[in-house]
Each structure stands twice: as C-alpha cells, then as structure tokens.
Amino acid sequence: MWFSKSKDDVTKELNVNPSTGLTTQEAKARLEKYGLNKLKGKPKKSLISLFFAQLKDMLIYVLLAAAVITIFIGEYVDSIIILLVVLINAVIGVVQEAKAEKAVEALQKMTTPKSLVRRDGEVKEINSEEVVPGDIIILDAGRFIPADLRLLESANLQIEESALTGESVPSSKDADDIHEDPKTPIGDKSNMAFMSTLVTYGRGEGIAVATAMETEIGTIAKILDEDNDELTPLQKRLEELGKVLGYLCIGICVLIFGIALLQGRDLFEMFLTAISLAVAAIPEGLAAIVAIVLALGVTRMSKINAIVKKLPAVETLGSVNIICSDKTGTLTQNKMTVVKNYTIGNLKDVSVTGENLTPANDEAELICSFVLCSDATYENGEGTGDPTEIALVVLGDKYNMKKSDLNVKYKRVSENPFDSDRKLMSTLNVEDSGYRVHTKGAIDNLLKISTTALVNGKVVPLTEEIKSDLLKRTEDMSDAALRVLGVAYKDTTSMIAPEEMEKDLTVIGIVGMIDPPRLEVKDSIKEAKLAGITPIMITGDHKNTAVAIAKELGIAESINQSLTGAEIDELSDEEFSDQINNYRVFARVSPEHKVKIVRAFKAHGNIVSMTGDGVNDAPSLKYADIGVAMGITGTDVAKGASDMILTDDNFTTIVNAIEEGRNIYNNIKKSVIFLLSCNLGEVITILLSIIFKWPIPLTATQLLWINLITDALPAIALGVDPGDKDVMKKKPRNPKESFFAGGAGVRAVIGGVLIGCLTLLAFYFGLTERGYLFGAGDPTEDQLLYARTMAFVVLAASQLFYSLSVRNSSKSIFKIGLFSNMKLIGAIIVGFLLQEIVISVPVLANAFNVHNLPLNDWAIVIGFALIPLIVNEIIKFFMKVAEEKQE
C-alpha cells in the first residue's frame, strides 16, 4: 500500500536516489528480474483449435456417430455427405471468428508510448516497456503514465483517469498527501498515478512502484484471464435439442428392433431401416444452417457499425433485458460543456449545440475573462489542455469570442498559475492603455478576495446580499450535478506582481458545466424501455452527477434509485442480490463492484449486457452475457474482453443490434421448427410403413438428399426473413424459453403429421397405380421404384410449400406478403428444379433409385404437396377469428 507511506519510506524501500535515479546496470538487472512492462494476454487460438472448438456440439456428435455407422455398413455416399455437413459448419464458424479477430486487431493502435525517466543522473526517453520498479518518471501534460507511480513531486498536476475510474473530470494530485485508510478508492489516491492514465495539466515526478501485471490495470487483466465462457441461450437451446434428438434416435432404433422381432422380419434389413429412421430424425443441416444464418446476421451487423467477435453473440443480444452501461464516454460525450451561466441577476441556459450566440448584460465580460484566463486551445473541433478550460474556450467560440482573437487583442503579460491550495488562477492582460487581471476559480475563494461586483454594466460594492445570491446560485447548480466556476477581474494602470493580482477584485459571475449526454441516447433508452429492457448506469463518477445524467436520459427518477460503491460494501452478497432490482444508478464503483453488479442481475435470471470503453469496464464486459466495447474511445483491454465492438461508439447502435438479435433468433426458430416439422414427417412416414408391414417408402440416401438440399435452401431463406416491424414492442424472450414455446411445438407436430401422412399416401397411390395389392407379397422393382419416386417428390414438394406458412405463426402468407421474401421464393423454385434434375438425369436417378414422372403425376404431386400449407393457413384464420372474439 504505497499510498499510505511517505516519499522517503518509498524511495528507501525501492533503494533509489530520486535526484539521480537508477543506474543503467541496476535498471538492466531489475528488467531481468521483473520482466518487460507490458500486460500479458491469453495466447491466440490457432486455426486448428478454433476448428475443433466448433465440433463441441451434441448435434455434431450425433452426426459423426451416424457417419461412422454408415461407413461400417458400406453406405459411403451417405457418410461423405454427413461429414461434408460437419466440415462446412466448422469452417463457417472458424472463418467468422477469424474475421472478427482481424477487425479487432485493425481497431487497436499498436504503438508503444515513450516515457521520460531519470537514470545515471540524466533524463532519458525510453520505451515504456523498459520501465522497471524504482525508475524515477518525469511527468508533463500530454504524457501517458507508463506504470503505477508513488508521486514524489507535483506542481498543479492533474491526471485524467476516466479509463480506470470512470470519472470524466481530471483528478488533482498532491505528492505530499498520505492516505492511511487501506480501503481508499483509486479515484481518491491523490498521491498516486496509475498506468495508462493521462497527464492533462501541470507537471510532476513519481517513482515506479508496480509494473506490468502488478499494476492496477494488470490486476484487471488477471480477472480477464479467468475462464468464464458460458453458453449463450441459443447454444443452450441447440444443445438441449441435440440431446433430445440423440435420445430420440436411440429410442427409434430400439422401437424398430422390437417391432422387427414381433413381426419376424430380417434383422439386418431392420438395421438398415433403423439407420434410415435415424437419418430422418436428425436435421443434418441444422448446425450448418444456424451457423450460416448467424454469419449473415454478423454481416448485417457490421453494416450498422457493430463488429461481432463470436457468432452466438448476435442472438444473445436479442434476449438481453438488462443493459448495464458505463456513463463517461458511453452515455455522455466525455467532454465538459458549459450549460448555465449567471451574472448577478441574470441566469441563462447555454445551448449545448449553439453557435453564433449573442451575449446579454454582463455575459460578454464573463465569457471574455474566462477565455483569457485559460491555457487550453480549441481549433477545428479539437481541444488540448484541461477539459474544464476547453469547455470555457468552447463557450467563447459559441459567442464568437475566439481565444486566438482575444489573445491577440488582449495580450497576456503575466500570470499566477492555478494552485490546489488557492483553487484560483489569474492572468494579467493588456487592456486599452492599462492592464486587467482575470481570475477564475472556486466562487467561495473569489468572494473572500473581492470587494465589488459587476451588476448590469456597473461596478457596485459587494454586499452580503450579492454574496448570498451567488452562493445560492452555486448551490443550485451543484445540486444539479454541475461543476461551478466563478470569475472576477480588476483593472490596473501598471504591471503588478503575481501575489498582488488576487486582491480587491470585481466579481462578474459563475458558470455551471457538466459532461453532457449524447444527443441520440435519450431516444435509444426510451426505445429500449418500450422493448422491456431496463437500462442501468454504472460509473466511477460522483453520485449526484450520475443521478442528474440518469434523470435527464430517463434511466432513473430519483436519487433513491442510486447506490455508491461504499454502500455496496456494507451489504452482504445476499442482501445486495435481493435489493439489486431497486436501483438504476451505481456511482463511485470499482471494477470489482461492476462485476458484482452484473453477477447480481444475472442471479435473477436476467440476460445482461454491459457496455463500456475504459479499462475499468473490462472485467464486467467479460462477465456479462454480452460485453459491448467502444471502438473509437475504447481501450484495447476493453475490446479484448468484449463480445461486440461498436465502431461508431454510438449507444443507439446497441438498441439496433438488440433489434437485429431478436429478429435473428426468431428467424432461427422458424428454421428449426421448419426442419423439425420436415424431419418429423419423414419419421412418421417410415415408422407407419413398418407398423403397417409396408415396404420402406424412402431410402437413407433419399432422406439425406431432402434433409441437406431440399430442406436446407428454404431453411436458410427463412433465416434471413425480413424482420418483424413490431419486434421491439414486445418484451425480451425468456432465456429459459424453448424453441417450442408459444405454440411452435404444436405447429411443428401438425406440420410433421400432415407431411408424413401425405408422403405415405403418395407412396400408397404409387404402388396401387402400378397394380400392387397390399398383402399379396413383395412389390416388383418397377412398382417400388415408381412408388418411391412419388413419395420422394411429394415429401420434398410439401416441405417446400410448407416453408411459406412457417414465416409467421399468426399472420397469413398474404398478410405478410407472398413475395416479401424473394430469397424463399427462389429457394422453392430451385428446390423443385433440383428434384426434377434428380429424377430426370439418368445417372442421378440411378443413384437415388427414382425415375422421371409424367406431367399428370406432377399435377397429383403438387395437389398432395399443397395440403399442409393450406391446412396451416386455415388454422391461422380460425385462430385469428378466435382472438378477435376474445377482444
């Protein structure tokens, strides 16, 4: 706990003389002992490991088992087709993850910052990676801190620590401070400077007390290295589905062998039939189709400025019902902005986006003094210096009082720099034939050194009434979470010494500033709340500031909905978890608190998204169900811990991504229900034929063709179905909800039964049409070939037509538009063409044991195939009528 030790104790413990620093030899020895000053990350996964990771899925295991069995019984074509499906699925996953990694790498800046160190009595510039514990680091404005430092000297030193603490205002530092409380928050350790933070003002020196993984940022990086890879809701659903289908296959095989024994059939023939049924029961293309649909979703997401690092993260967004968001830079603009100014008797709101404004009353004097008494610059939309001073210079720009012009007109000839004890800064500028002092700082300190006030252009004595008025206005602004600065002036005929500047001043007024919300965020939060999503603000900033922003954005209604990190520490884990739903704002929190908050929300069964850009957000980004990092302002650590990166840093993109995720899940559900309906139809066809002692209507090769080709094309087209316009008017899906919720299971069974029975009916029709009498022995090769062709085509055609009805569970195909998904229409047309090619091209017809059909048979096939679609549309019609009656 270096912050609790004196400067002398720290230098003695690290065995270094601050005036000379380490010797080159000592620095080299320490570098060997402690290693390079850089964070260690997890080693990148190889393409091979990524490939095998894609195979860890129950459905894939079942498919691989089916492939092994088909090889064992000599059905090599079947086994090759199955293995190709597995391969395609894995390759799609690997390619997408690799693409996302490259996109992330492209976002990261790979430059190594430099550091000024004192070694061998000289100040040298070295790579920050070579900094070692004991190094004396020289600090000045604009430099990044290379390691955790115990400050030895500080002169007006201010460090911007928002990446670590979440505070938008730079922290003032004082090397002489000592903090004895071991639980002192990072943001209050005024005698310390931390790795990867930025010096914005002043200068200082510090001794490196921790480097690399031993720093505060290193501690966060260690948390990130913990394995915490939970399955997404979609992965859980598919895994459960895979298990059900796996057990179903085993059950089917046992059932068939039982029937075979009872009927006295040939056991080897029944074994082949069992394989056919297993093939019919498993939607072989499901894993690949889900991967393809997710990959297409990822492509669409990239067009709305969201890079998804892992495919399942797209769907996870769709089930999010809690968005935990960092305040600074995510909900706010991360730049201080003046929003109110007050000259005595005149309060004015300043437009955040205003230009060419006209000053009224004493406003011109107020703004002129603030701009002249600032060291910041602001040109072409870019500012340098202290954020508070940049805000004052920007205020001048809005009133056409540019700093560059004022500096020329009123040249600065002397100054009294800001001091943390005085809390004041003064400049002496040329004014007409004399000089004018401009002083800014804390209003209570200004009032102590002022004797007059400017009221409507006239200088009047500073009365107690004016003082109390200014203090009351200051209190009102502070209560609204504004940072308040006052300004005063005095005229002099000659140049005066700095110590004479801050006496007998004339008070002009005050300004109130805040880091304002992003303009588009309020509407996005409103849309999220309408969609049943609860936005939560988590920040390292102060409670009043956080609540003020939360109220303005519509996140919270009162300060009672806020909690600080210190208050969290007073609660046990159980108490905190029980009370978590009462709060919308968490202020003054540490990285550990953020993780605790995310875990508490997840403990209630919520699907939690965490957005952020700072290093301090990284652990909670990782522990959330989906972490969303900012691509522009986000740190490399945050990007590495996230599941998704926003390239435009726009909170609105998150809401758009949630909408996309919901539609993608709905589309995947359509594909799953469609495929399972089709496969159930195949199972019913084969199972009933066995029970009725009929010949087997379809071979394993025919079933595989339909599952992989005829079914797959409509399933993919359903996966890219145009999104439901009302999807964001509904509550988030329950993460425990199965694919079969909301009547989807019933629809799948109805569709499957219809498809199965009609396929069997077509087989029966084909046999009888060729003169076969059931119960009169085995059919001839010609009879069986014709009947199987009829069954084969009816099965494929009925599934193709049925896909139209699956697009919406309640709206008819005419209500949603028959041609509103042209990809599906194309898939149906291609499906029919492929079926025609298979039965008409001799080589393929021989391979699949089918032959061409005459035109009149095609008419019969189409008639059979349309029945499942028509029945399903009739059911929808009566459901709608029933709903209207209830209303």
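Q: Why does D469 count as partly exposed?
A: In this predicted model, the relative accessibility of D469 is 23%. Partly exposed covers the range between the buried limit, under 20%, and the exposed limit, over 50%. The value for D469 falls in that range, so D469 counts as partly exposed.

Q: What makes R473 and D469 a salt bridge?
A: The side chains of R473 and D469 meet with an N to O distance of 3.9 Å. The cut-off is a side-chain nitrogen of Lys or Arg within 4 Å of a carboxyl oxygen of Asp or Glu, so the pair qualifies. Both residues lie in helix α17 (residues 464-479), four residues apart, about one turn of the helix. R473 has a relative accessible area of 28%, and is therefore partly exposed.

Q: How do you know that E567 and K543 form a salt bridge?
A: The closest N and O atoms of E567 and K543 are 3.7 Å apart, and the limit is 4 Å. E567 lies in helix α21 (residues 565-569) and K543 in helix α20 (residues 543-553), so this pair ties together parts that are 24 residues apart in sequence. E567 is partly exposed at 29% relative accessible area, and K543 is partly exposed at 22%.

Q: What makes D573 and K596 a salt bridge?
A: Their closest N and O atoms are 3.3 Å apart, which is within the 4 Å limit. D573 lies in helix α22 (residues 573-579) and K596 in helix α23 (residues 591-603), so the pair ties together parts that are 23 residues apart in sequence.

Q: Why is D573 called exposed?
A: The relative accessible area of D573 is 51%. K596, at 22% relative accessibility, counts as partly exposed.

Q: How many salt bridges does the rule give?
A: The count comes to 31 salt bridges. Among the residues involved, E365, R436 and D491 are linked in a network.

Q: Why does E205 count as buried?
A: The relative accessibility of E205 is 12%. Buried means under 20%, so E205 counts as buried. E205 lies in strand β7 (residues 198-210).

Q: Which residues is E205 in contact with, leaving aside its neighbours within four places in sequence?
A: E205 is in contact with R118, I136, I137, I138, L151, L152 and E153. Contact here means heavy atoms within 4.5 Å.

Q: Why does V683 count as buried?
A: V683, found in helix α26 (residues 651-691), has 11% relative accessibility. That is under 20%, so V683 counts as buried. V683 and A281 are 402 residues apart in sequence and 6.0 Å apart in space, C-alpha to C-alpha.

Q: What makes helix α13 mostly covered?
A: Eight of the ten residues of α13 (residues 363-372) are buried. These are E363, L366, I367, C368, S369, F370, V371 and L372.

Q: Why does K725 count as exposed?
A: K725 has 78% relative accessibility, and exposed means over 50%, so K725 counts as exposed. K725 lies in the loop between α28 (712-719) and α29 (744-769).

Q: Which residues gather with K725 in a patch of positive charge?
A: K811, K815 and K880 gather with K725 in this patch on the surface. Like charges are joined within 9 Å, and members need over 30% relative accessible area and no salt bridge.

Q: What is the phi of D120?
A: Phi of D120 is about 55°, a positive value, although D120 is not a glycine. D120 is found in the loop between β1 (114-119) and β2 (122-127). D120 has a relative accessible area of 38%, and therefore is partly exposed.

Q: What is the phi of N305?
A: Phi of N305 is near 70°, again positive in a residue other than glycine. N305 sits in the loop between α10 (286-303) and β8 (306-308). The relative accessible area of N305 is 31%, so N305 is partly exposed.

Q: What does the secondary structure of the protein come to?
A: The protein has 34 helices and 26 strands. Its C-alpha trace spans about 125 × 70 × 50 Å along the principal axes. Of the 887 residues, 55% are buried.

Conventions
Residues numbered from 1 in each chain as written. Predicted model: local features only at pLDDT ≥ 70, side-chain atom pairs only at ≥ 80, totals over all residues. Heavy atoms only, no water. Patch = residues over 30% accessible without salt bridge, like charges linked within 9 Å, V, L, I, M, F, W, Y side chains within 5 Å. Areas by Shrake-Rupley, 256 points an atom, 1.4 Å probe, with all protein chains shown as cover. Lys, Arg positive; Asp, Glu negative; His and termini not counted. Charge placed at Lys NZ, Arg CZ, Asp CG, Glu CD. Helix = DSSP H or I, 4+ residues; strand = E, 2+ residues; numbered from the N terminus. Buried < 20%, exposed > 50% of the residue type's maximum accessible area, 1.4 Å probe, protein only.
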